[in-house]
Amino acid sequence: LVSYGLVERVQLHENLEITAHRAGAMLAPENTVAAIRKAIEARADWAEIDVQRTADGAVAALHDSDLMRVAGERRRVSESTLAEIKAIDVGSHFSAEFKGERVPTLDEALAAAGDRIRFNIELKPGSAADVEPLVRAVLNSTDRAGITGRCRLCSQSYESLQLARRLKPGLQVGFIAGARLGDLSKLDVAFLMVSQRLATRTLVDSGRARGVDVHAW
């Protein structure tokens, strides 16, 4: 009885935040302004969006290297200009309700959200040579939008994250992992984005001891 009484008084303080994956892909076409608006309506804490550069150097919000899955177009992002990508309807594949929805630039996505949601921006460089141009372009966008203190950067490219941190000290960066080799909590990042099966109590506690948060997907 004494033990039960002690356990009853223990309070666990877990900081739980909800992220809308690909800006809210379950509610609207992924990575679009419509999805961001749905995430805001759903009161998500963060909108996670994927960004990559077009052939003419624009930063577009797209997950895949081409538009086949979202629009039935085999056009590759890195080989297309922003104007060519903007000409493609990425809403109709989701539902008739979103017919005419277009791929936004990072600037357009940030402007549409204003201060109503925070952003976790996934960097998807197309090659090693694309790392620095993409990182610099994204940081320029977040500076213009004035959201540097309300955004994070994440990536599977560890090089991109370390460059972003050097260019913008204090910026939160996180590594994305679907598999584990060694102790992920030892990476020089502010947070880890891991497959749910990797988000064990051990990893969470190990990360906390080093000041590294764990985000499960």
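User: How many helices and strands does the protein chain have?
Analyst: This is a predicted model, in which local features need pLDDT of at least 70 and side-chain atom pairs count only at pLDDT 80 or more, while totals for chains, interfaces and linings use all residues. Residues are numbered from 1 along each chain as its sequence is written, and side-chain values use heavy atoms, with hydrogens and water left out. With helices (H or I, at least four residues) and strands (E, at least two) taken as DSSP runs numbered from the N terminus, the protein chain has eight helices and ten strands.

User: Does Glu30 count as buried or exposed?
Analyst: Buried means under 20% relative accessible area, exposed over 50%, and partly exposed in between, with a 1.4 Å probe and protein chains only. Because the relative accessibility of Glu30 is 16%, Glu30 counts as buried.

User: Which residues does Glu30 touch, not counting residues up to four places away in sequence?
Analyst: A contact means heavy atoms within 4.5 Å. On that basis, Glu30 touches Arg22, Ala25, His63, Arg69 and Val70.

User: Which side chain does a polar contact of 2.8 Å join to that of Glu30?
Analyst: A polar contact is a pair of N or O atoms within 3.5 Å; within protein, one must be able to donate a hydrogen and the other to accept it, and residues adjacent in sequence count only if both atoms are side-chain atoms. The partner joined to the Glu30 side chain at 2.8 Å is the side chain of Arg69.
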